[in-house]
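Here is a short briefing to read alongside the model. Have the viewer open, and let's begin with a single residue before moving out to the larger contacts.

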Amino acid sequence: MLSRTANNIYWLSRYMERAENLARILEVADRMSKMPNLEGEGHYSEWRSAMIISGCEPLFEESGLPADAVAIVDFIARSEENPSSIYCCIQAARENGRAVRTKLTTEMWETLNDTWLGLEQRWNDAKRRGEIRAFLDWVKERSTLFRGTLYGTMLRDEAYYFSRLGTFLERADNTARILDVKYHVLLPEGEDVGGGVDHYQWMTVLRAVSALRSYHYLYRENPKPWKIAELLVLRREMPRSLISCMGEIVANLEGLAEQYGGRSPSHRLAGKMFSELKFTSAEEVFQGGLHEFLTKFISRNNRLGEDITRDYMFTG
Amino acid sequence: MTEPAFFDEMTLADGAVRPAYKELSDWLTSTPAEQFRLKRREADILFRRLGITFAVYGEGGDPERLIPFDVIPRVLSALEWAYMQKGLEQRVRTLNAFIWDIYHDQEILKAGVVPEALILKNSSYLPEMQGVDPPGGIYSHISGIDMVRVGENDFYVLEDNCRTPSGVSYMLENREVMMRLFPALFSQHRVAPVDEYGDYLVQTLRECAPRHVEGEATVAILTPGIFNSAYFEHSFLADQMGVELVEGQDLFVEGESVFMRTTQGPKQVDVIYRRIDDAFIDPLTFNPESALGVPGLMNVYRAGRITLANGVGAGIADDKAVYTYVPAMVKFYLGEEPILKNVPTYRCADQDSLAYVLDNLAELVVKEVHGSGGYGMLVGPKASQAEREAYAARIKADPSDFIAQPTLALSTCPTHVEEGVAPRHVDFRPFVLSSGASIRMVKGGLTRVALKSGSLVVNSSQGGGTKDTWVLEE
């Protein structure tokens, strides 16, 4: 397979996943902003954390836009100046897909193309009716549809492995970021989450990764920060947890190794990251500090992405 | 001046419906006009969803446009097709023989059948290709021969496209869309399929692989990239053939071979179906500014270590003055009578013809010998006096750059337009695949239709559309 093609496919999946995660982040912020008992800065801090997670805060400040909810939502969802907006991600996904149409199934291409063609209309409708959530739901739905189409129709070969690698590297990054932004309100081990707002904030972390119900099912108790962290870092049952993502990354690298008849250096880093998660306990994570742990993870995850690109796509 | 009588492919002058159109005519009568509008909208949505667009950058508006598609098919009988197929095979065989001859012994020039100056001083003649042996001896692997019809048995070749004829993806996708829109109509007709085109193409290309290749040759399509107007077609064909779609940056030359950069390191390529013009293919040999091509590619080609399809230098056969000699070439190379007729053509390079052309501009269509796409031509009867005068000045400045043809009474086909179903002028581009071993064609081609009432210009860049073309089985 052409190196350029692998690169396009990998980024196609990353951008689709990113668009979905941005929608999730905005959804949570929107939900928080509707809380009646938030006082003073409460509102804005929720929007601000959405910007921190999506990494666009410096760019937003540069833009000189008013720091209010409407401007921030526009900036993260629709802005063409923000290369990490939902709009730009879907555009980039589609451009990457268009460059490698021959490697996509017809269904994948149609899903991708329809998403791009419908984007403007959906956004305008949602804005007009003041129902931003309808737009975010639609983005999530399109991403889910794309992933499902990919999963259900794509040949299990190198193209598939590269696209899955893109999905899970991006997802791991996102889960780690969402968790990290909340680290500063983490309470000591064992304690219940404090007042209404805290509680609500932790619930929203769970919602952001579609894990609220799973949490209740697995822990059968009220959300506790360190258990939430455990769920999102170390529980393999949880499909957006770091360990789950790493497991998928290792499996897809294995798929490549099998097809190509050999491993590349990036396999070692992925394997190492995966087994460390496997043999780490929640206590150990907290002893060293969750923030430190997540910061290290995010940087290693980045490096893994770069290594994979270097090993297979000869771009670096 | 009386309105010339056009041959309509469905309805004869006396009102009788031609046999090939019998079912279609009934269908047109029984289908309410609203239905066509709905289906047309549906077709637009399908084309957009499939991403079948034709890119026009730098003119403002939507950069990804749809070529207008007419939902009423054009029908050709089995007999009509059999005649055309025979004629097309003969013509393409001749054209390949001609290009080979030009780049080798130039027998046809020595025999005085084609004037030496027309070839050797032609900008489409590439001296770099003299003596080069392309694998299989084929230059035009994919030929698009533009044909028009003026009567029941009157077919003419309008021009030969031996360089990089495009449009075949529309032939294939038009069929796909028609089958989705009107499945019932297909069960009433015995329409010959066209979807084996991709298989034929890859077989043709593999048969033309360089001699040293053992086993199955590796084929790739070379595209200028996603900003090219025909990018959709390039990716579509790569898909149909199951081969890689590469850009110049994906290829490199090392030693005597061409490689593509893959996830597993370099992989040797044997046949390149290139959709890049000669001038851009190798910055070391031709245009040094080209970022689209592959440095060193021509050396490998000259050494016979890679097949380029179409071959370099094939454009000499597309020249509209050279065209006038094709019937003579058929006799010269094959010793046969030409099956397909040429449109009578005046070469402005000849003094007598030039005088005639200038005197009769109002009746003629004048074209640049290297032109394509309907650009730079004069349709005499449609032009104003001022336009004709301006054009006459251009002809006088360089007569050998122009040819003229009588304005043909192109046949019409029923077409869905604003006012309802009305006759519109059409032309036809079938695609002929040549390897040294065989000639392959699918039964069909691209029908282009001039959507404006009375217009004879069918080019998509000039407001033309396309139709599905049905060749009926016996």
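Asn252(A) is buried, with a relative accessible area of 5%; buried means under 20% relative accessible area, exposed over 50% and partly exposed in between, with a 1.4 Å probe and protein chains only. Please keep in mind that this is a predicted model, in which local features need pLDDT of at least 70 and side-chain atom pairs count only at pLDDT 80 or more, while totals for chains, interfaces and linings use all residues. Residues are numbered from 1 along each chain as its sequence is written, chains are lettered from A and ligands numbered from 1 in the order in which they are written, and side-chain values use heavy atoms, with hydrogens and water left out.

**Around Asn252(A)**

- Asn252(A) sits in helix H12 (residues 242-260) of chain A; helices (H or I, at least four residues) and strands (E, at least two) are DSSP runs numbered from the N terminus.
- Setting aside neighbours within four places in sequence, Asn252(A) is in contact with Tyr160(A), Tyr161(A), Arg164(A), Leu165(A) and Phe168(A), where contact means heavy atoms within 4.5 Å.
- The backbone oxygen of Glu248(A) is reached by the side chain of Asn252(A) at 2.8 Å.
- Ile72(A) is 180 residues from Asn252(A) along the chain, and 36 Å separate their C-alpha atoms.

**Two domains in chain A**

- Chain A is assigned domain 1 (1-154) and domain 2 (155-316), with bounds that come from an automatic or database domain assignment.
- Taken over C-alpha atoms, the centres of domain 1 and domain 2 of chain A are 20 Å apart.
- Domain 1 of chain A brings 29 residues to the contact, and domain 2 of chain A brings 34 residues.
- About 3100 Å² is buried between the two domains of chain A, 59% of it on carbon and sulfur atoms; buried area is the accessible area (1.4 Å probe) that two parts lose on being put together, summed over both.
- Tyr10(A), Ile53(A) and Met154(A) supply 20% of the area that domain 1 of chain A buries against domain 2 of chain A, more than any other three residues.

- The rule finds 5 salt bridges across the interface of domain 1 and domain 2 of chain A, each a side-chain nitrogen of Lys or Arg within 4 Å of a carboxyl oxygen of Asp or Glu.
- Arg14(A) and Glu170(A) form a salt bridge, with their closest N and O atoms 2.9 Å apart.
- H1(A) gives the most to the side of domain 1 of chain A that touches domain 2 of chain A, with 16 residues.

**Chain A meets chain B**

- In this pairing, 26 residues of chain A are in contact with 25 residues of chain B.
- Chain A and chain B bury about 2100 Å² between them, 43% of it on carbon and sulfur atoms.
- The count between chain A and chain B is 4 salt bridges.
- Glu110(A) and Arg180(B) meet through their side chains in a salt bridge (3.9 Å, N to O).
- Between chain A and chain B, 12 residue pairs are in polar contact, both at pLDDT 80 or more.
- H6(A) provides the largest share of the side of chain A that touches chain B, 6 residues.

Notes: Polar contact = N/O pair within 3.5 Å; in protein donor to acceptor, adjacent residues only side chain to side chain.
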